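Me: I'm new to this one. Can you walk me through it?

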Amino acid sequence: MNVTIETERLILRPVTVDDAEAVFKWASDPVVNKYMIYPLHKDISVTREWLESIDIDDPNGYEMAFVLKETGEVIGTGGMYCRSGDDRWNIGYNIRHDQWGKGLVPEAMQGLIDYVRSTRKVSAIYGEFAKENKKSGRVMEKLGMTYVRDGEYSKFDGSATFPCNIYERVF
Ligand SMILES: CC(C)(COP(=O)(O)OP(=O)(O)OC[C@H]1O[C@@H](n2cnc3c(N)ncnc32)[C@H](O)[C@@H]1OP(=O)(O)O)[C@@H](O)C(=O)NCCC(=O)NCCS
């Protein structure tokens, strides 16, 4: 959806094809990509194709660029999607490696969740992270989410499969 959200250190706004160079920096970084469901972007054309596929007017989907107020750079993206028709929203996120460990993703996602809850019915948020990817588990804990059950997911191209934890927060 086409909205702008402000947090202490970030502006969140829809990510567009004009952000391709910024997004490619982390989408092509194997360290960031390791546990993401999308395959590593080996060429910026893949990044452009993904960005062009995003429907900015989708009422049930928010795919937001995280813009660092201090520099104006796009340093990551995060999303919230309601695909099930039951007001449960799935969350996902990633940011550039040099920005890890500053609490930026919890800040961004909290801002997004608060916004969506203020405008839409959100009965719960849920997400999954590879058991090895404890950093993402920490983000979900900071968002007030807790363990529901074990699961497993594979990258879209089948190149890796990870046992995962499914976390949620019911409102
Ligand atoms: C997971 C991720 C989104 C966390 O974002 P972030 O903004 O760094 O989140 P935080 O700053 O709150 O840090 C979360 C945890 O990462 C770890 N961490 C902190 N600094 C770190 C650093 N410099 N390097 C690596 N890990 C660090 C800590 O365990 C931290 O938890 P703590 O605050 O309780 O110590 C980010 O690491 C990332 O983009 N990873 C790659 C993509 C990914 O895995 N996405 C989620 C898929 S489910």
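This is a predicted model: local features need pLDDT of at least 70, side-chain atom pairs count only at pLDDT 80 or more; totals for chains, interfaces and linings use all residues.

Me: Start inside. How many residues are in the largest nonpolar core?

Reply: It has 30 residues. Phe66, Met109 and Leu112 have the most contacts inside it.

Me: Which elements give two or more residues to this core?

Reply: There are strands and helices on the list. The strands are β2 (10-14), β3 (61-68), β4 (74-81), β5 (88-95) and β6 (124-130). The helices are α4 (104-119) and α5 (134-142).

Me: Where does the largest share come from?

Reply: From α4, with seven residues.

Me: What does Leu112 touch?

Reply: Leaving out residues up to four places away in sequence, Leu112 touches Ile5, Leu12, Tyr62, Met64, Gly78, Gly79 and Met80.

Me: Now the ligand. How many residues surround the ligand, and which are the closest?

Reply: The shell holds 20 residues. The closest are Gly101, Gly103, Asn133, Arg138 and Lys142.

Me: Which element gives the most to that shell?

Reply: α5 does, with five residues. β5, α4 and β6 also supply at least two residues each.

Me: How does the shell divide into nonpolar, polar and charged?

Reply: Ten residues are nonpolar, five are polar and five are charged.

Me: How much of the ligand does the protein bury?

Reply: The protein buries 75% of the 920 Å² that the ligand exposes when taken alone.

Me: Switching topic. Where is His41, and is it buried or exposed?

Reply: His41 is in the loop between α2 (30-33) and α3 (44-53). It counts as buried because its relative accessibility is 6%, and the cut-off for buried is under 20%. Beyond residues up to four places away in sequence, His41 touches Phe24, Ala27, Ser28, Val46, Thr47 and Trp50.

Me: And Asp19?

Reply: Asp19 sits in the loop between β2 and α1 (20-27). Its relative accessible area is 7%, so it is buried. With residues up to four places away in sequence left out, Asp19 touches Arg13, Pro14, Leu51, Ala65 and Val74. Arg48 is 29 residues from Asp19 along the chain, and their C-alpha atoms are 8.6 Å apart.

Me: Where is Asp55?

Reply: In the loop between α3 and β3. Asp55 is partly exposed, at 46% relative accessibility. A polar atom of its side chain lies 2.9 Å from the backbone nitrogen of Asp57.

Me: Last one. What is the phi of Asp87?

Reply: It is positive, about 65 degrees, although Asp87 is not a glycine. Asp87 is in the loop between β4 and β5. Its relative accessible area is 25%, so it counts as partly exposed.

Technical notes: Residues are numbered from 1 along each chain as its sequence is written. Side-chain values use heavy atoms; hydrogens and water are left out. A nonpolar core is a set of buried Ala, Val, Leu, Ile, Met, Phe, Trp, Tyr and Cys residues joined through side-chain atoms within 4.5 Å. Buried means under 20% relative accessible area, exposed over 50%, partly exposed in between (1.4 Å probe, protein chains only). Helices (H or I, at least four residues) and strands (E, at least two) are DSSP runs, numbered from the N terminus. Contact means heavy atoms within 4.5 Å. A residue is near a molecule or strand if one of its heavy atoms lies within 4 Å of it. Accessible areas come from the Shrake-Rupley method with a 1.4 Å probe; for residues, only the protein chains shown count as cover. Ala, Val, Leu, Ile, Met, Phe, Trp, Tyr, Cys and Pro count as nonpolar, Asp, Glu, Lys and Arg as charged, and the others, Gly among them, as polar. A polar contact is a pair of N or O atoms within 3.5 Å; within protein, one must be able to donate a hydrogen and the other to accept it, and residues adjacent in sequence count only if both atoms are side-chain atoms.
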